[in-house]
Amino acid sequence: MQRELSIQIQDGPSSTVHLTGQRLTLGRAADNELPYPDDPVLSRRHLTIEFDGTDYWVEDLRSKNGTVVNGGKLNGRHRLRLGDRIAAGRVTLVFDDGASQAQHTVVFVPDDDFTTIAASQSTDLDKALDPGADVKRMKALLDAGRELDANRPLPELFSIILELAVKSVGAQRGVVLLQENNVLAVKAAKGDEFLIPTAVRDQVMELRNSVLTGDTSQDAALRGSMTIVAQRIKSLIAVPLQTKEKVIGLIYVDSPDIFRPFTYDDLTLLTVMANIAAVRIENARLAEEEKEKEKMSEELRRAAEIQMNLLPRSAPQVEGFDIHGFSLACRSVGGDYYDYLPIPGGKWAIIVGDVAGKGMPAALLMSSLQARVQLLTEQADELGNIMTRLNRAVSASCPGNRFITFFLAIIDPGSDTVDYCNAGHNPPYLLRANGSVETLTKGGPVLGILKSFPYQAGSVSMNWGDTLVMFSDGVTEARSASDEEYGEERLLADLEQVRGKSAREIGEFLYEGLEKFMGVAAASDDITLVVVRKP
């Protein structure tokens, strides 16, 4: 029985996921099977889709904004039927099979208020002009509308705007200038060595006025201008490229023609054309910015996918130990790192690290750190020496404004002793079965600062019922909507409530507690937690 989820993201791409019977979760967190980190409406874990052997079920995971199924709010679980539509945030899922998918591509809906009106009219606007109108100028505006309505890249658009401007008023030269970083930059030009008086520029850019001089020799403000005299300019027009909010640039044209000076009609025509052009430029700018954002978003999504594949998919089965861990990036990618690595002698290294900073730079450092750790742990050596060599390697390549907190523990299925080394990381808690709590602090400073520092390993016993909890500062420094910090005391209090539970139960309880504490507040740092128990 083949089943699929057709996924459509609002204003985004569509995709299809083939269901295999495995449990799927959807949410903002990167470790969901269906992660959408850029959707602010989604909870970190928003909903789940599960197969009970016969049917697929969807269940809302106590999300803040809820889940909608077939137009109604989802309460409890819902057995999915072909064609069911699930909406969460900006994501819509359609439960389907491959055969019926095409039927849902187009949906026809009744609308009693809709009426059809048939009409016909001439599409040849040139012939539809009022014979009494100024045909030349009206045609120029129509040409401008047609040319500027086409979907063109910005560089081509500037050239077309200039060509239309020069042609419409019969100018011999012209230039399009656009405001960029408080400087008027040339975007298109016909002619060269434009010497535009600052008085003209200021009238256009600051006062939003169109400027016309039909005869510069008769203009008191310009006839003494050496720039005008030197260029033998007889007539000029400068108009603002103006949107509703601001002036984004100007169009300037001039001519030495003494017999055909620019007129007020030319000024009006060019001003209207400039307004049309300004709106088109802004729309093109926004489209390019949106395209760039989409490209960046897609690159971040792929980076997040790669990073998630670098983290362990599941905890190892180590005799005598119960292990569970997870990591959630506060952005698409993050700098937190945890791992389980086999080392010589049948032992396992349990690792938690935190690169200072967030986003792509931290993620790149995290990937580099992971490669070095894997290489060093493959070599049989004392733990303090491993950490000393790791710090030396990190210090050689780590930027001056970056560092890494790091904790490494080695568990041995044949021993109750756990060796560890702490490089400036939040001291993990060792919760004893008798109710006492110890912190693991022995080691040295953060990685990447003191290149030659010798690290020292510590050792602690873990007996039946003891639990080791490793975490990044994104856990204890998480903040609520009222800006209250989660803190170590609250973490210890929550751990006390699940004393004796399995590693997974402890991890999930702490995660749910963090979500409830933060409420609508977004995580300001990556969150990582690893729990190791001796059951």
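**Entry 1: the largest nonpolar core**

I began with the largest nonpolar core of this predicted model. It holds 46 residues, and I looked up which of them touch the most other members: Y337, L369, M387, L390, F406 and L447. Strand 20 gives the most, with seven residues.

I then picked L369 and listed its contacts, leaving aside neighbours within four places in sequence. What remains is Y337, L390, V394, I404, F406 and L447.

I also found a second, separate core, this one of 26 residues. Among its members are L178, I237, I248 and L270.

My next stop was an open sheet of five strands, which I traced in the order 17-27-26-22-23. The pairing is antiparallel. Which strands stand at the edges? I found strand 17 (322–328) and strand 23 (437–439) there. Each has a single partner strand, so one side of each has no neighbour in the sheet. On average, and with direction ignored, neighbouring strands are turned by 15° against each other.

I took a look at one pair in particular: strand 17 and strand 27 are joined in the antiparallel sense over seven bridges. Here I noted F326 opposite L529 of strand 27.

Then I checked for helices on this sheet. Helix 9 (residues 487–497) packs on it, touching strand 22 (429–431), strand 23 and strand 26. I noted an angle of about 30° between the direction of helix 9 and that of strand 22. Helix 10 (residues 503–518) also packs on the sheet, and its partners are strand 17, strand 26 and strand 27. The direction of helix 10 makes about 150° with that of strand 27.

**Entry 2: D254**

Last, I turned to D254, which I located in strand 16 (residues 247–255). Is D254 buried or exposed? Its relative accessibility is 2%, and the cut-off for buried is under 20%, so D254 counts as buried.

I looked for a polar partner and found that the side chain of D254 makes a polar contact with the side chain of Y252, at 2.9 Å. Beyond neighbours within four places in sequence, I listed A171, Q172, R173, F194, I233, S235, L236 and F262 as residues in contact with D254.

How values were computed. Residues are numbered from 1 along each chain as its sequence is written. This is a predicted model: local features need pLDDT of at least 70, side-chain atom pairs count only at pLDDT 80 or more; totals for chains, interfaces and linings use all residues. Side-chain values use heavy atoms; hydrogens and water are left out. A nonpolar core is a set of buried Ala, Val, Leu, Ile, Met, Phe, Trp, Tyr and Cys residues joined through side-chain atoms within 4.5 Å. Buried means under 20% relative accessible area, exposed over 50%, partly exposed in between (1.4 Å probe, protein chains only). Helices (H or I, at least four residues) and strands (E, at least two) are DSSP runs, numbered from the N terminus. Contact means heavy atoms within 4.5 Å. Two strands pair if DSSP finds at least two bridges between them. Axes are lines fitted to C-alpha atoms, for helices over the stretch in contact, and angles run from 0 to 180 degrees between N-to-C directions. A polar contact is a pair of N or O atoms within 3.5 Å; within protein, one must be able to donate a hydrogen and the other to accept it, and residues adjacent in sequence count only if both atoms are side-chain atoms.
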